[in-house]
Amino acid sequence: MADQKIIFKFRSREYSENDLKAIRKVISDNFHLGRTQISCILARAWEWKQPNGKYKEFAVRDTLLRMQEAGLIELPPLLKRNNNKAKKPLQAPLFDQTPHTGFVKDLPGLEVQRGSGYTKLVWEYLLQRYHYLGCPKVVGEHLYQTAMLGDQVIACLAWGSPAWKIAPRDQLIGWDEAIKRKNLHLVTSNVRFLIPPWIQVKHLASKVLALSLKSLGQDWEKLYGHPVYLAETFGTVTI
């Protein structure tokens with residue numbers, strides 16, 4: 001491998017021409033099975049696993065799509081035509097839009113919980129309707145949260161796998177490439193943060209983040225079998 005020319009690099013991994021030939025053979029042999037099965041086969045062949053033991057099929061799929069974009073491979077056509085198309089606008093669910101102003105200290109009972117069921121439906125609608133990046137399709141380990149005031153959703157958060165290179169983070173930790181590859185899954189990044197426009201409460205964002213972090217590690221361990229020790233945030237969006 002060391003003397004082979006690197007043809008493609010993605011997600012901090014390098015691929016030689018021999019690697020691409022092997023990938024093309026897997027695609028050719030399993031072309032009739034579709035992209036999902038090909039991704040599953042390669043994930044197992046490469047032993048791409050999450051810390052909880054599950055295979056990184058979405059990460060493989062993302063890599064294959066990037067290779068196809070670069071003209072290096074040809075994937076079978078989509079079996080489900082709408083898989084990679086932009087989602088149609090979600091139908092607005094019924095939810096509480098009571099406006100709130102003032103200070104966060106005036107909101108007793110505020111709590112942050114994992115988004116599921118009805119609150120997840122509201123979470124998806126609010127992100128798609130009011131966040132400039134829309135509702136995320138997160139690859140890899142991730143967690144959705146809602147800040148609740150009684151039964152009302154007043155903020156939405158999403159945490160996901162971090163970027164490979166963040167200079168201030170890497171300098172703060174002081175790890176080298178090998179240690180980072182081994183331990184990056186112990187870091188999570190705040191990929192979405194939204195406070196809807198009818199919520200105008202001072203210092204709410206800081207309070208929500210503080211509450212989020214209290215349960216983040218425990219919830220992450222329940223989902224993925226390992227904790228997170230560092231949470232990255234890059235700003236808050238209030239529309």
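**Helix packing and salt bridges**

Colleague: Is the crossing of H1 and H2 left-handed or right-handed?
Modeller: This is a predicted model. H1 covers residues 17-29 and H2 covers residues 35-46. Their axes come within 10 Å. The crossing of the two is right-handed.

Colleague: Which residues of H1 and H2 make the contact?
Modeller: H2 supplies Ile-38, Ile-41, Leu-42 and Trp-46. From H1 come Ile-23, Val-26 and Ile-27.

Colleague: Which word describes how H1 and H2 lie to each other?
Modeller: Their axes cross at roughly 140°. Roughly antiparallel would need over 145 degrees, and roughly perpendicular runs from 65 to 115. H1 and H2 are therefore oblique.

Colleague: How many salt bridges are there?
Modeller: A pair counts when a side-chain nitrogen of Lys or Arg is within 4 Å of a carboxyl oxygen of Asp or Glu. By this rule the total is 12.

Colleague: Which helices hold Glu-57 and Arg-44?
Modeller: Their side chains form a salt bridge, with N to O at 3.1 Å. The two residues are 13 apart and link distant parts of the chain. Arg-44 sits in H2, and Glu-57 sits in H3.

Colleague: What separates Glu-124 and Lys-120 along helix H4?
Modeller: These two form a salt bridge, with closest N and O atoms 2.9 Å apart. Glu-124 is partly exposed at 21%, while Lys-120 is buried at 17%. They are four residues apart in H4 (residues 117-130), so the separation is about one helical turn.

Colleague: Is Lys-180 buried or exposed?
Modeller: Lys-180 and Glu-177 form a salt bridge, with closest N and O atoms 3.8 Å apart. Both lie in helix H6 (residues 177-183), three residues apart. Glu-177 has 48% and is partly exposed. Lys-180 has 2%, so Lys-180 is buried.

Colleague: Which residues make up the network that includes Glu-177 and Lys-180?
Modeller: Glu-177 and Lys-180 are about one turn of H6 apart. Salt bridges with shared partners build the network. The members are Arg-169, Asp-170, Glu-177, Lys-180 and Glu-232.

Key:
Residues numbered from 1 in each chain as written. Predicted model: local features only at pLDDT ≥ 70, side-chain atom pairs only at ≥ 80, totals over all residues. Heavy atoms only, no water. Axes fitted to C-alpha atoms, helices over the stretch in contact; angles between N-to-C directions. Parallel < 35°, antiparallel > 145°, perpendicular 65-115°, else oblique. Left-handed = near helix turned anticlockwise from the far one by under 90°. Contact = heavy atoms within 4.5 Å. Buried < 20%, exposed > 50% of the residue type's maximum accessible area, 1.4 Å probe, protein only.
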